[in-house]
Amino acid sequence: KVAIKGIERELICPACKELFTHPLIIPCQHNVCHKCVKEILFACEDSFADGGSESSNQSSPRIRIAASSMDRIDRINRAGMKRNSLTPRSTLFPCPSCQRDIDLGERGINGLFRNFTLETIVERYRQAARAAIAIMCDFCKPPPQESTKSCMDCSASYCNECFKIHHPWGTVKAQHEYVGPTTNFRPKILMCPEHEMERVNMYCEICRRPVCHLCKLGGSHANHRVTTMSTAYKTLKEKLSKDIQYLISKESQVKTHITQLDLLMKETECNSERAKQEASQSFEKLYCVLEEKKSAALRAIETSKNIRLEKLQTQMEEYQGLLENNGLVGYAQEVLKETDPSCFVQTAKQLHVRIQKATESLKSFRPAAETTFEDFVVDTAKQEDILGDLSFHSNGLEIPVINEEQSRMYNKALISWECPGKTDSDDIYVLEYHKLNKEEESVTWQKIEVCGKSKVLSDLDDDSSYAFRVRGYKGSICSPWSREVIMRTPPAPVFSFLFDDKCGYNNEHLQLNPRRTSVESRAGFPLLLGSERLQVGCFTTLDYIIGDTGIAKGKHFWAFNVEAYSYLVKVGVVPSSKIQKLFHNTPDVISPRYEQDSGHDSGSEDAFDSSQPCTLVTLGMNKFFIPATPAALKDPASRILPLPSCLGICLDCDRGRVGFYDAGCMKCLYECEVDCSGLMYPVFALMGGAAVRLEEAVTANDREYHDDV
């Protein structure tokens, strides 16, 4: 028999760190107290309701959840209850043992089994630990007597007299099962938590849990492989017994490993002391350097002070000599008493020169020395930054690399990085960023600790460039900084809208997705039938679609993607007063040289048509076409640019300007004037095979990374 006191480690709840109380079996096969499961779920719901505040996560002092697990709870809070129109509600539970997000199913905590076997073992442990503490009778009048037996059917403890009274001979209660005094009462029959009136009689090999026949017939285990309870009992007991016998047979090997681990622990203690000494010596060297610099600086200040005080003291004595009957003035007064001319002239000449100098110095008074010590201010900003980064560097940690393709700058900044070598080798990452400003001499980095491999940043200034860098930490050891990546914010606040499926929308030629964030033109039979009637030129129509929200004032920016296969797309803005004209004046030409009336080329490609109801630029065949301007006519090749992967439009209603941008680097490709007298709407025109997709806003969900896929 195994000593009951030697297995205490297996009887501790991973959440509350105390002995199990009514343990529940989580689908990941770990055990957690019933109360702890409820409190963790309540903490998740409270945190979700309060916006993920730290105070709500710590709502129960009974639960001691590690800090590394709190980020997982925050992630579950953001996800909330997984639900949609097709799937029933299910609850996610962060298991404190395996750190995985476990789906508890539609019934949640009510669908979990109690681990009665573990509960019985815990009770035996409690009895061994409190052997001197007796279990009292539940039915005695005060004072209660010590119980001698417990009834498993009544879930109560009795002394001999009370047991006879409540279980009289010849009655049904006399057939109840009784055991020695205990506080652990378990049901004789294990009932199904999903079908409370059915007993479990099968074992699901897929879910590894007992089930009833209703679960197999039409429940969640209908298509799972199951076996009878007796077969599962026999199989699992044989496997467990075999594995236990194997471990017992390897007792000598286990003891050898324990000895090795004991030696490794001692070696770790010695190495840690040695590392502490080396670290102390390194800091002592820094202290010595600082002390030397401090002494030299204080000596320089003291020397300068003495020199200045000496000069000021001398100057003060000279001015004291200018007082009556004192110093130079007193001496001059005595010289004036001389009556012999020759003797007076001999002395007065030199004295007069001194008196003149004193008079001039009195008119233009200047202290002989400065009182400020601005030249002796020690600038330690750079040294403070270096000391702030002082940490244990290790060549074993991979240097993170910021993924510029996954990172993007829109309404918020999404910064994503990865480690080229190991996966999840770091415990935590530190992301630093600062705004690029040529006027600032010193750079102040803003620091953020991140548990994942991406971070969403908000409150960045518009039309500004920022530098980003990241490093990984594993304990107190950190990796070097990654290469700095510079990204630029949009020139104006992001304007959100969807495609309008009502105003002028032609559902025969255009197709919107359900979210109204992308539109595609259908180059099908209507286009072919229209082209069949054409004999000359290349006349066809453009299909227009506008945004569902207008802009009245201010400066706004939006971005979109044009699919690479698109033949012809026009993008821009249109005032509300010209929307009707836009949709009623649908004829357009692929070749601007074609004129419907004359049937010949007009040569109008090089002239900007101001009569158009909206301001547009042309895109297509992976090219960006700058509208014709006098400057562009001199070099026609400069009008054709490669089509950026993401385009942006910036509308400044106050200045009456619209700009077209490469949204990847926020570089302006073309800008022109526009009439903003009314509401302005984003407008798109498609012809042939083409598609436009609006850029999605960056949200907090973009940084969620799940460890278990």
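A residue is called buried under 20% relative accessible area, exposed over 50% and partly exposed in between, with a 1.4 Å probe and protein chains only. The model is predicted: local features need pLDDT of at least 70, side-chain atom pairs count only at pLDDT 80 or more, and totals for chains, interfaces and linings use all residues. Residues are numbered from 1 along each chain as its sequence is written, and side-chain values use heavy atoms, without hydrogens and water.

**Arg-471**
- Arg-471 is buried, because its relative accessible area is 2%.
- Strand β19 (residues 465–474) holds Arg-471; strands (E, at least two residues) and helices (H or I, at least four) are DSSP runs, numbered from the N terminus.
- From Arg-471, the side chain reaches the backbone oxygen of Ser-479 at 3.1 Å.

**Nonpolar surface**
- A nonpolar patch on the surface consists of Phe-283, Leu-286, Tyr-287, Leu-290, Leu-387 and Leu-390, together about 570 Å² of accessible area.
- Such patches take residues with over 30% relative accessible area and no salt bridge, nonpolar side chains (Val, Leu, Ile, Met, Phe, Trp, Tyr) being joined within 5 Å and like charges within 9 Å.
- Accessible areas come from the Shrake-Rupley method with a 1.4 Å probe, and for residues only the protein chains shown count as cover.
- A salt bridge is a side-chain nitrogen of Lys or Arg within 4 Å of a carboxyl oxygen of Asp or Glu.
- Helix α8 (residues 251–320) contributes the most to the patch, with four residues.
- Leu-290 lies in helix α8 and counts as exposed because its relative accessibility is 51%.

**Charges over rings**
- The charged end of Arg-308 sits over the ring of Phe-373, 4.3 Å from its centre, the rule being CZ of Arg or NZ of Lys within 6 Å of the ring centre and within 35 degrees of the ring normal.
- Likewise, the charged end of Arg-469 sits over the ring of Trp-445, 4.0 Å from its centre.

Key: Polar contact = N/O pair within 3.5 Å; in protein donor to acceptor, adjacent residues only side chain to side chain.
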